[in-house]
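Hi,

Here is the structure I promised to pass along.

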Amino acid sequence: MVRLASYLVADSIESYRADHIDAENIDAVFDPSELDEGLAFRQSIPEDLTALLHEWTRGFCPLNTIEQSLSHLINTRSNPVQRTVGVLTAEDAMSMLEPRDILIDCTGARSLIRDYLVPFVGTPSAGANTVNIRLEYAIVITFLYGQPYDCNEYCKYFKNIENAHYKFVPMVDRTHFDGSVSHVTGIVNISPDDFGAMPSRFDDGWLRSHFPNVAESMDRFIDKIKQETKGEIVGDMEIVRIPLDLYRARNATSRKWRAPGFGDHVFAKSPVFLAGDSAIGSPYFQSISLGFECAMHLAGLLSQRGLSMTDMLDRYELYNYKQWLRVYMRSKMIKHNKDLFECVDDRFALLDKLHIY
Ligand SMILES: Cc1cc2nc3c(=O)[nH]c(=O)nc-3n(C[C@H](O)[C@H](O)[C@H](O)COP(=O)(O)OP(=O)(O)OC[C@H]3O[C@@H](n4cnc5c(N)ncnc54)[C@H](O)[C@@H]3O)c2cc1C
């Protein structure tokens, strides 16, 4: 289940910058003309795809639904798209390229091509093209709740008041298909040692027997939701432990390979673009929206027939960098707020975390 940001379907600049943490960042990073261009592109998206975007942004939506409805859309439209299913290596992808073909790598966080975008001799060095900031380790607990439920910062505080550690910080929204079912995703900060002692995926039974303190915090929070709204959890809880990483590809395109001296390399003649988690990844329910945002920009650039490839690569790099700055600032702010929230009743711990001038 993922939550898409409402700015993806914004029909005005005001609604695009409605998020109170994001608004000033957007003003600081983007020129008004860039925002206008993005809006104009969104308004030119065909109705069938726009309708899907609107549906997905109504609440939490299964990632499978997004994937399947996009595949369905591609298959049913009369267009020249050919789909070939298979696992590729970077070398496979490179050997398929003819001059002036364009390769768009959207293979996710462990991108196939990202390392290959920095010129190298022999084999590319792993991570050479990635800036990674580990914000925290966390477990992500998700479940459906059979009542409409909402949670603001007061709710997060008071439902955690007996949880000195392992505070359960929820993101709550309706599900995209049903306003009476809420989807709850709780993030609980854990230590690197906790992280090392947990399997990558487990259930609430495993949590209760191996990390009773974490489970008690979670249960206390959920009991308070139930007391308040008289509902029940629907189905099973799912828990994953993940590092919350904020990262970007230093180069989101192959433009470095177009410098003098690399003319023989396949990427000198066939440009590459990274899209989605291949290019930028962020925690706190932002990543997929950012991927859509950059993909829309790329589609806009590709549709400008008169644009030279050099300009296209430069503009995509710049746009990715700006989106990175935006998500970097927002993520750091959220993390800082979370850190303060974790110790809000401990005056000295709180003051230790403040830097004023
Ligand atoms: C628990 C969890 C919750 C999340 N919740 C949210 C949320 O609420 N909101 C949000 O914005 N984001 C969320 N995210 C992040 C979101 O899922 C990702 O940002 C999004 O899925 C990235 O999409 P993508 O298409 O770029 O990459 P992916 O979804 O990772 O897709 C990559 C695709 O490439 C394929 N692939 C990879 N390598 C190869 C290869 N060698 N050959 C062929 N195919 C290959 C993979 O099989 C996969 O289908 C969450 C992530 C997690 C783990």
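**Around the ligand**

The shell of residues around the ligand is made up of 11 nonpolar, seven polar and two charged ones. Before you read too much into that, keep in mind that this is a predicted model. Of the 20 residues around the ligand, the ones that come nearest are Thr-107, Gly-108, Gly-276, Ser-287 and Ile-288.

Which elements supply at least two residues each to that shell? They are strand 6 (233-249) and helix 12 (287-302). Helix 12 gives the most, with four residues.

**The overall picture**

Stepping back, the protein has 14 helices and eight strands. Its C-alpha atoms fill a box of roughly 65 × 45 × 45 Å along the principal axes. As for how compact that is, a compact globule of 357 residues would have a radius of gyration near 21 Å, and the protein has 22 Å, which agrees.

Where the domains touch, nine residues come from domain 1 and 10 residues from domain 2. On the domain 1 side, helix 4 and helix 13 (309-342) each supply at least two of the residues. That side of domain 1 divides into three nonpolar, three polar and three charged residues.

**A helix pair to look at**

Helix 4 also packs against another helix. Helix 4 (residues 47-56) and helix 5 (residues 63-76) meet at an angle of about 170°, with their axes 11 Å apart. Angles over 145 degrees count as roughly antiparallel, and helix 4 and helix 5 are therefore roughly antiparallel to each other. Helix 4 brings Asp-48, Leu-49, Leu-52 and Trp-56 to this contact, while helix 5 brings Ile-66, Ser-69 and Leu-73. What is the make-up of that contact, in nonpolar, polar and charged residues? Five are nonpolar, one is polar and one is charged.

Cheers

Technical notes. Residues are numbered from 1 along each chain as its sequence is written. This is a predicted model: local features need pLDDT of at least 70, side-chain atom pairs count only at pLDDT 80 or more; totals for chains, interfaces and linings use all residues. Axes are lines fitted to C-alpha atoms, for helices over the stretch in contact, and angles run from 0 to 180 degrees between N-to-C directions. Angles under 35 degrees count as roughly parallel, over 145 as roughly antiparallel, 65 to 115 as roughly perpendicular and the rest as oblique. Two residues are in contact if their C-beta atoms, placed from the backbone, lie within 7 Å. Ala, Val, Leu, Ile, Met, Phe, Trp, Tyr, Cys and Pro count as nonpolar, Asp, Glu, Lys and Arg as charged, and the others, Gly among them, as polar. A residue is near a molecule or strand if its C-beta atom, placed from the backbone, lies within 6 Å of it. The radius of gyration is taken over C-alpha atoms; the globule rule is 2.2 Å times the number of residues to the power 0.38.
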